[in-house]
Amino acid sequence: MSADEPGAPCWLSLAARDLGAAEEFYAAVLGWTFRHGPLGHGFSVGERDGVPVAGIGEVAVRMAVPVAWTPYFAVPDADEAVARIRERGGTVGVGPVAFPPRGRAALATDLEGAAFGVWEGRVSSRWRLGEHHAPAWLELHTRNAFDAAVFYGGVLDWLNGGVERFEVAYEDDQVVLYSQGEAIARLNSGPVEAASPQPQLRPRWLVHFRVPDLERATAAVVKHGGSLVPEADHGWPVPAGRRASVRDPQGGLFTLDEAAEGEV
């Protein structure tokens, strides 16, 4: 799906403690190469076959934030989006901040404390959710998926413009956001706890990356200092299929999905 559609996921960013170590890990596990972006040597853009996938910033220590993946959603006006977040009970932690010449961003948390960002401005025309080497989809772990859907739907204006933009459905105890017939985000209710010492049990957006061979990818995770998250530690049932939740060596949590033939 197009990243410049208002309300759509438009980028992913990892807050890391050690940029070089993060680059080495994701290159080994996901096959990314890296280039430094316009924000200086503390930030880089991960690419697969020349297509941008995600950004990594060495900011976790400097800004006293946890190592974590954060999704950004496109908005036409960052100030208006920030006002909607506050009106609906969310918290704005940073911004809007200008990133000349591309645009403006803000970081926030939703009703349960899951972090996300909004972006006003230009986006990469080649970045896609759900295509080829792009992130496969996003998953929100929250206490109440219906409350979360009302919050994000209001902040991001998901239903304005009719089903040709987005469709929100209820399936298998999940709220599912569709774009052009493809599920791009799933909102799941579960036993989350903001103060849990286990990251996978806190309210959060979880990013799923496709890999051609799950066993090879999980072996690379362990070989390069990461770890697998046991199924019993997820806090709710893990969907059937070839999938594994993992942490990078610095604690960043994400999920590997084995791609169907022709997807990667």
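Predicted model: local features only at pLDDT ≥ 70, side-chain atom pairs only at ≥ 80, totals over all residues.
**The chain as a whole**

The chain has 264 residues, and 49% of them are buried. Its secondary structure consists of four helices and 16 strands. Contacts can also be sorted by how far apart the two residues lie in the sequence. Among contacts between residues at least 6 apart, 62% join residues at least 24 apart. The accessible surface of the chain is about 12,100 Å², and carbon and sulfur atoms account for 52% of that area.

**An open sheet of eight strands**

Eight of the strands form an open sheet, with mixed pairing, in the order E2-E3-E4-E1-E5-E8-E7-E6. Its edge strands are E2 (33-36) and E6, each of which pairs on one side only. On average, neighbouring strands of this sheet are turned by 25 degrees against each other, with direction ignored.

| Strand pair | Sense | Bridges |
|---|---|---|
| E6 (residues 91-99) and E7 (residues 103-109) | antiparallel | six bridges |
| E7 and E8 (residues 115-121) | antiparallel | seven bridges |

E6 and E7 make a hairpin, with three residues between the two strands. On the E8 side, Ala105 stands opposite Trp119, a residue of E8. In a regular strand, side chains alternate between the two faces of the sheet.

A helix also belongs to this part of the model. Helix H2 (residues 78-87) lies across E6, E7 and E8, and runs at about 175 degrees to E6.

**A buried arginine**

Arg204 is located in strand E13 (residues 204-211). Which side chain of opposite charge is nearest to Arg204? That side chain is Asp248, 9.8 Å away. A salt bridge requires a side-chain nitrogen of Lys or Arg within 4 Å of a carboxyl oxygen of Asp or Glu. Arg204 is buried yet has no salt bridge.

What does Arg204 touch, leaving out residues up to four places away in sequence? The residues in contact with Arg204 are Ala68, Ala114, Glu139, Leu140, His141, Pro199 and Leu253.

Key. Residues numbered from 1 in each chain as written. Heavy atoms only, no water. Pairing = 2+ DSSP bridges. Axes fitted to C-alpha atoms, helices over the stretch in contact; angles between N-to-C directions. Contact = heavy atoms within 4.5 Å. Buried < 20%, exposed > 50% of the residue type's maximum accessible area, 1.4 Å probe, protein only. Lys, Arg positive; Asp, Glu negative; His and termini not counted. Areas by Shrake-Rupley, 256 points an atom, 1.4 Å probe, with all protein chains shown as cover.
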